[in-house]
Amino acid sequence: MSDQLDRDAAGSLVVGFSGTTATDDLRRAVAGGLGAVILFTRNVADAEQVAALTASLRAERPDLIVAIDHEGGEFSHLAPANPWPLASPRLLGDLDDIELTRASARDAAATLASLGINLMLAPSVDVNSNPANPIISTRSFGRTADVVSRHGVAFVEGVREAGIAACPKHFPGHGDVAVDSHSDLPRVDRSIEEVKAVELAPFQATIAAGADVVMSAHIVFSAYDDQPATLSHRLLTGLLREELGFTGVITTDALEMQAITKNRSIEDAAVASIGAGADLAMIAVGTADPHALTARVADAVRTGTLPAERVADAAARVRALAASLGQRRRQPSLDGAPIREVAARVVANQTFPALGPAPYVVDLTQGLHPAWNPYFSGLPEIFTRVAPGADGVVLRGRHRETDATEPENDAIAKAAQAAAGRPLVIAIQDAGRTPWMREALTQLVQRHPDNVFVLCTGIPEDQAVVPAGLLSATTSGRNIIVLEAVARELTREQ
């Protein structure tokens with residue numbers, strides 16, 4: 001039993017690692033039955049390197065699952081290996097063209113498949129019902145269950161057409177929170193009826209559309225349990241398995257997030273999540289030790305903390321998915337056609353004044369986040385690439401809930417001074433939930449009363465904070481192809 005138990009314990013884990021090549025320890029873990037590996041920016045140099053990395057892992061075991069977060073928008077772990085990044089979900093939802101969403105997902109998934117990645121940890125089917133949400137924003141298709149459900153289904157279908165697995169997340173829903181689960185434990189106090197009508201509807205729809213994997217949220221849903229969903233038998237087994245009828249693989253979100261590990265170790269969280277019904281316990285940090293984690297799960301079985309049949313069931317579900325992925329027919333990439341179409345529609349659907357080739361761009365943007373890695377420095381970089389006479393500054397707050405005094409007022413004054421005598425583009429990103437950004441916008445407009453254009457690069461609800469009388473437009477996310485198209489329009493000769 002010991003050999004099989006160890007293999008099953010390994011099969012219930014998905015781990016991250018550091019570097020652009022696989023270590024000997026990681027390769028041994030894969031050979032020993034590791035369930036899956038997850039890639040991040042730290043593992044990506046270019047397309048050739050990623051393909052070689054995944055091939056080296058599969059040389060140890062051909063049916064290994066290789067996953068990556070790939071939701072779309074500003075943040076892309078694959079940026080150096082992908083010339084046609086995926087549009088943000090919110091932009092796809094705003095355009096509301098189901099076929100375009102399906103094509104976008106297929107194109108992105110086909111790119112992953114070409115690099116040896118077969119699990120796309122997307123789409124986010126959270127309903128962004130709370131505009132103050134600090135973590136979902138444009139990762140959601142929209143603010144209603146209907147929009148999110150329709151586009152979530154199209155996205156899952158597009159991923160499956162490319163021959164890999166999609167993963168709706170974050171179950172039961174991360175949209176109605178005001179706390180970031182990377183830093184603390186959010187709580188949702190909706191009634192069961194409200195949860196069913198809003199949060200659960202997109203999961204029901206995407207499960208029916210053939211989702212292979214569902215990711216749990218590190219959130220307490222008080223109407224169901226006082227444990228976060230990731231550790232809740234009531235939610236993972238009772239609700240997701242038994243009530244919603246999901247038969248695929250349940251993965252946790254990264255267990256090192258503070259919502260989970262503030263009060264317990266990662267190892268204890270892994271055991272608890274598997275016991276609750278998860279099939280893959282995710283430890284995404286680069287220092288994850290798959291051998292020690294495997295030993296911890298196996299020891300939990302030996303000491304009676306974790307039923308052997310639960311671990312065996314988890315590993316069996318993961319192996320079944322891996323086997324099915326090896327048999328799927330793949331449709332080829334669309335070579336960036338969907339994101340070019342998205343960019344063209346953003347430009348065609350709005351009015352952009354011709355500011356000339358030398359505007360000054362002040363990019364008011366959110367703080368850097370440990371879960372993401374922006375693949376460009378900010379809007380000035382994009383404008384300068386399109387129009388060499390343009391320049392500007394990025395003013396970025398810290399990533400925390402209370403950042404009302406950042407950046408300092410003198411930075412805003414210097415930006416206004418630098419823009420004197422030139423057209424001014426002010427970009428804002430989720431300003432509605434960011435007090436310092438609203439204040440900075442007000443100060444910049446007061447100091448530069450003429451020839452100002454405001455570009456809302458976060459959720460389009462930011463239009464509500466744009467001062468009356470100013471020209472503005474929305475991009476519903478920060479995709480580089482979309483932003484380049486907008487920059488070209490704005491830098492036309494007057």
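Q: Is strand β14 (residues 452-456) largely enclosed or open, and why?
A: Strand β14 is largely enclosed by the rest of the structure, because five of its five residues are buried. Buried means under 20% relative accessible area, exposed over 50% and partly exposed in between, with a 1.4 Å probe and protein chains only. Strands are DSSP runs of E with at least two residues, helices are runs of H or I with at least four, and both are numbered from the N terminus.

Q: What kind of model is this?
A: The model is predicted; local features need pLDDT of at least 70, side-chain atom pairs count only at pLDDT 80 or more, and totals for chains, interfaces and linings use all residues. Residues are numbered from 1 along each chain as its sequence is written, and side-chain values use heavy atoms, with hydrogens and water left out.

Q: Back to β14: which residues sit on which side?
A: Val452, Val454 and Cys456 are on one side, Phe453 and Leu455 on the other.

Q: How many bridges join β13 to β14?
A: Five, and β13 (residues 424-428) runs parallel to β14. The chain crosses between them through helix α17 (residues 435-447), in a right-handed β-α-β crossover. Right-handed means that, with the strands pointing away from the viewer, the path from the first strand over the helix to the second runs clockwise.

Q: Which residue in β15 is the bridge partner of Val454?
A: Ser472. Strand β15 (residues 471-474) is parallel to β14, with four bridges.

Q: Other topic: what is the strand order in the open sheet of six strands?
A: The order is β5-β4-β3-β2-β1-β10, with parallel pairing. Two strands pair if DSSP finds at least two bridges between them. The edge strands are β5 (165-166) and β10 (281-283).
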